[in-house]
Amino acid sequence: MTQVGQEAARALLRRLAVEQAECRIPSLTAAIVRDGRTAWFAGRGSVDGATPTAATQYRIGSITKSMVAVVVMRLRDEGALELNDPLERHLPGTRLGHLTIAQLLSHTAGLTAEPPTSWWERTPGIPTGDLLERLGPGELKHRPGRRFHYSNVGFAVLGELVARLRGTTWLKALRAEVLDPLGMHATTARPRAPHATGYAVHPWADVVQAEPEHDADAMGPAGQLWSTAHDLARWAAFLGGETGGVLCPGTLAEMREPIGVDDGDAWTGGFGLGLQLARIGGRRLAGHGGSMPGFLATVWSEAADGVGALFLANTTSGMSGTLLTDLLDILDRYEPRLPDEWRPVAADPGLLALTGLWHWGPKAYTLRLLPERGLSLEPVGGAGRASRFVPQDDGTWLGLDGYYAGETLRVAADHLDLNTFVFTRTPYDPDAPVPGGAGDWHA
């Protein structure tokens with residue numbers, strides 16, 4: 001399974017061993033994924049008297065949410081719903097029908113974090129109908145859309161949305177549409193052998209206590225699933241772009257776009273559509289963490305570099321919080337990724353003629369031709385509005401990012417019209433439709 005060199009493998013194993021020993025974790029597995037394949041795996045500690053393997057199950061908690069979100073996005077892509085639809089349109093009868101699907105996916109609905117029940121992670125769950133009856137205006141803690149507020153309840157509601165629209169349970173829909181197509185056959189709702197037992201480690205002594213495990217029922221979509229390092233490695237590859245036909249790559253990219261910030265003024269962590277996001281050490285990571293009594297897990301993927309990392313542990317708390325980024329740093333140190341080889345590509349002569357210097361008033365921009373017939377408009381010197389564009393059937397170009405995302409670029413013989421802004425070959429060209437300026441240039 002290991003595809004890294006000896007030195008890298010030893011350094012990665014040592015970091016994992018330090019985490020297990022110093023944080024007093026009963027057992028711990030971790031893996032690195034590179035270019036869609038598991039490049040390194042190791043386990044430390046003991047499960048039933050043996051070192052855990054890539055087939056050992058652990059509970060993954062809220063990583064479940066990211067998988068449920070994929071089913072919701074599949075429904076959107078099929079036209080069964082729109083993200084701005086109010087919940088009432090598809091799940092009538094609740095007292096929270098004004099909340100939108102996008103708000104629930106991104107934790108911006110203002111909905112309470114925990115359900116109005118007993119401590120749901122440590123007690124048997126209640127039926128979905130009972131939960132929905134208990135949810136009312138009192139469970140709204142913030143104005144919808146105002147801010148990020150993580151909500152387990154929101155994903156319980158989304159699970160029921162999936163069940164209603166698919167005519168089955170959320171779990172069966174997830175199995176049929178995501179888990180089985182990705183080959184994640186060891187991801188289940190309840191534990192199966194071999195699996196780790198969840199433990200709480202005493203804060204002041206080297207003793208442990210087994211934690212409870214229940215069927216969360218209505219709250220299942222928020223954190224029910226168990227999985228293995230093997231399956232989560234496939235999930236990390238999926239999040240990095242190896243979608244296997246389960247989801248359109250453009251939709252996955254949409255899920256990775258930041259919507260809310262969850263760490264205050266630091267702005268290093270946030271949330272997209274069902275995915276946690278982080279900016280750490282120059283990396284842009286997408287994935288999810290998970291915790292349930294006796295278990296911690298996290299999976300991160302960096303699409304730009306084609307790498308991902310994950311861990312699974314059977315402890316309630318106490319991990320360092322830097323294990324995965326440290327593992328990725330070690331990989332970079334010993335085996336830095338090589339850039340893709342540059343190769344020339346064929347270019348449309350008409351598009352090639354568009355490249356070069358253009359001006360927005362007095363400000364200079366360069367227009368470059370990208371692979372796949374894309375265009376990139378960037379200010380000279382780097383400061384200013386930059387965007388990429390892709391061609392449309394009507395001859396216009398659609399902005400993909402930056403200030404001009406979603407805006408239309410029209411190309412004329414002697415100028416560019418970008419949503420009414422005119423770009424010309426010379427500053428304030430007097431022959432352009434809107435040259436601007438007040439006359440001749442002068443001292």
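Rings of Phe, Tyr and Trp (for Trp, its six-membered ring) are paired if their centres lie within 6.5 Å, and planes under 30 degrees apart count as stacked, over 60 as edge-to-face and the rest as tilted. The structure is a predicted model, in which local features need pLDDT of at least 70 and side-chain atom pairs count only at pLDDT 80 or more, while totals for chains, interfaces and linings use all residues. Residues are numbered from 1 along each chain as its sequence is written, and side-chain values use heavy atoms, with hydrogens and water left out.

**View 1. An aromatic cluster and a stacked pair.** Y58, W226 and F295 together form one aromatic cluster. Searching the whole structure gives 9 aromatic pairs. The rings of W235 and F238 are stacked, because their centres are 4.8 Å apart and their planes meet at 15°. These two residues, W235 and F238, are 3 residues apart in helix 8 (residues 229-239), so about one helical turn separates them; helices here are DSSP runs of H or I with at least four residues, strands are runs of E with at least two, and both are numbered from the N terminus. W235 is buried, with a relative accessible area of 0%, and F238 is also buried, at 0%, where buried means under 20% relative accessible area, exposed over 50% and partly exposed in between, using a 1.4 Å probe and protein chains only.

**View 2. Arginines over aromatic rings.** The charged end of R122 sits over the ring of W119, 5.3 Å from its centre, and R385 lies over the face of Y403, at 3.6 Å from the ring centre. A charge is said to sit over a ring if NZ of Lys or CZ of Arg is within 6 Å of the ring centre and within 35 degrees of the ring normal.

View 3. The 17 residues of helix 1 (residues 6-22) should span 24 Å at 1.5 Å a residue, and the end C-alpha atoms are 24 Å apart, which agrees; the expected span is 1.5 Å times one less than the number of residues. Among the buried residues of helix 1 are L12, R15 and E19. The buried residues of this helix pack against strand 1 (27-34), strand 2 (37-45) and helix 10, contact meaning heavy atoms within 4.5 Å. Just after helix 1, R24 takes a positive phi of about 55°.

**View 4. A proline in a loop.** P344 lies in the loop between helix 10 (323-334) and helix 11 (349-352). P344 is exposed, with a relative accessible area of 63%.
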